[in-house]
Amino acid sequence: LATALTSVSIAQENLKGLTIGFSQIGSESGWRAAETSVTKQQAEALGIDLKFADAQQKQENQIKAIRGFIAQGVDAILVAPVVATGWEDVLTEAKEAEIPVMLLDRGVDAPEDLYLTSVASDQVLEGRVAGEWLVKEVGDADCNVVELQGTVGSTPAINRKKGFEEAIAGHANIVIAQSQTGDFTRAKGKEVMEAFIKSSNNGADICAVYAHNDDMAVGAIQAIKDAGLKPGTDIKVVSIDAVPDIFAAMAAGEANATVELTPDMAGPAFAALSAYLADGTEPEKFIITESKLYTPADDPQGEYDRRKGLGY
Ligand code: GZL
């Protein structure tokens with residue numbers, strides 16, 4: 001991230017002094033809070049006046065905020081869209097006001113000409129990497145998986161489910177026995193995992209939990225411990241984001257795998273905006289960030305320490 005910050009501050013001089021509205025979903029997870037702090041750091045480094053709006057995970061609050069940015073006549077708008085549908089009207093209003101919109105970390109079901117670019121990970125790949133790890137981990141043994149889904153209707157929840165199911169297809173010994181949303185939060189992840197445990201012989205029938213993000217996994221780990229079971233051994237824990245606390249869990253032997261998601265989505269978005277404003281360069285419509293598997297073999301304490309300095 002440090003290099004990204006330097007590279008961002010050296011280039012993109014034409015962003016200095018711009019006013020950019022940022023409609024952020026909320027602070028439901030450690031990853032989301034890091035995305036917010038990284039975005040604010042990058043805006044600061046570029047001399048951008050960032051107008052920040054936290055929607056508490058409600059789409060109507062995001063739409064209200066975007067309409068406010070349009071009325072204010074901001075130069076550009078960043079949106080992390082909480083769910084995939086319902087954006088066409090407000091994005092059309094932004095287009096008619098000739099305000100470029102850049103999507104961060106989630107997608108929308110809307111015509112692509114309504115936004116300048118979308119910066120996100122390949123969320124199907126994330127689910128597939130998680131599933132492939134479990135396939136390798138369990139071999140031929142029977143494994144009942146419980147799944148903690150992300151926010152209903154969000155592209156990460158839809159795509160991470162799809163990717164995981166693709167990876168375990170053809171391995172009849174691995175079955176998703178229960179699946180429910182934990183809305184990407186620790187509290188809900190814990191609550192839903194408690195219910196999963198209660199309805200599966202006090203967790204004895206659960207071989208693994210697949211959580212669409214680390215925060216729900218951390219909540220699930222607590223529920224597993226409360227039931228007197230050992231997370232990481234009695235019940236395997238695989239999730240996505242690579243936030244510091246999942247590495248702390250790995251170091252304690254309580255989590256088994258995570259797929260990294262960079263919180264730096266704004267860097268590529270600002271770079272795309274700068275080129276577009278400079279000479280009309282149309283950026284790639286979908287800028288895809290890297291996904292990388294981490295397990296306890298990858299120096300979890302070192303990864304915890306490294307991330308702690310990066311906006312988490
Ligand atoms: C994924 C992002 C997800 C994170 C969660 O790109 O939208 O939202 O994985 C966050 O931690 O809630």
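These exercises explore the ligand site of a predicted model.

**Exercise 1.** Find which residues come nearest to the ligand.

Solution. Start with the shell. There are 13 residues around the ligand. Glu28, Asp105, Arg106, Arg160 and Asp241 come nearest. Next, sort the shell by class. It holds 4 nonpolar, 3 polar and 6 charged residues. Last, look for helices. α2 (30-46) and α6 (155-168) each give at least two residues to this shell.

**Exercise 2.** Find the distances from polar side-chain atoms of Glu28 and Ser29 to oxygen atoms of the ligand, then do likewise for Asp241.

Solution. Take Glu28. One of its polar side-chain atoms is 2.5 Å from a ligand oxygen. Move on to Ser29. Here the distance from a polar side-chain atom to a ligand oxygen is 2.8 Å. Finish with Asp241. An N or O atom of its side chain lies 2.6 Å from an oxygen atom of the ligand. Now check the cover. The ligand alone exposes 320 Å², and the protein buries 100% of that.

**Exercise 3.** Find the cavity where the ligand sits, and describe its lining.

Solution. Search the whole structure. The volume of the largest cavity is about 110 Å³. Its lining has 14 residues, and Trp31, Arg32, Arg106, Arg160 and Leu261 are the closest to its centre. α2 and α6 are the elements that give two or more residues to this lining. By class, the lining has 4 nonpolar, 4 polar and 6 charged residues. Now place the ligand: it sits in this largest cavity.

Note on methods:
Residues numbered from 1 in each chain as written. Predicted model: local features only at pLDDT ≥ 70, side-chain atom pairs only at ≥ 80, totals over all residues. Heavy atoms only, no water. Near = heavy atom within 4 Å. Polar contact = N/O pair within 3.5 Å; in protein donor to acceptor, adjacent residues only side chain to side chain. Areas by Shrake-Rupley, 256 points an atom, 1.4 Å probe, with all protein chains shown as cover. 1 Å grid on protein atoms, 1.4 Å probe; cavity = no way out; pocket = protein on both sides within 12 Å on 5 of 7 lines; lining within 4 Å. Sits in = over half its atoms within 2 Å of the grid points. Helix = DSSP H or I, 4+ residues; strand = E, 2+ residues; numbered from the N terminus. Nonpolar A, V, L, I, M, F, W, Y, C, P; charged D, E, K, R; others polar. Points joined across faces, edges and corners; volume = space filled by probe spheres on them.
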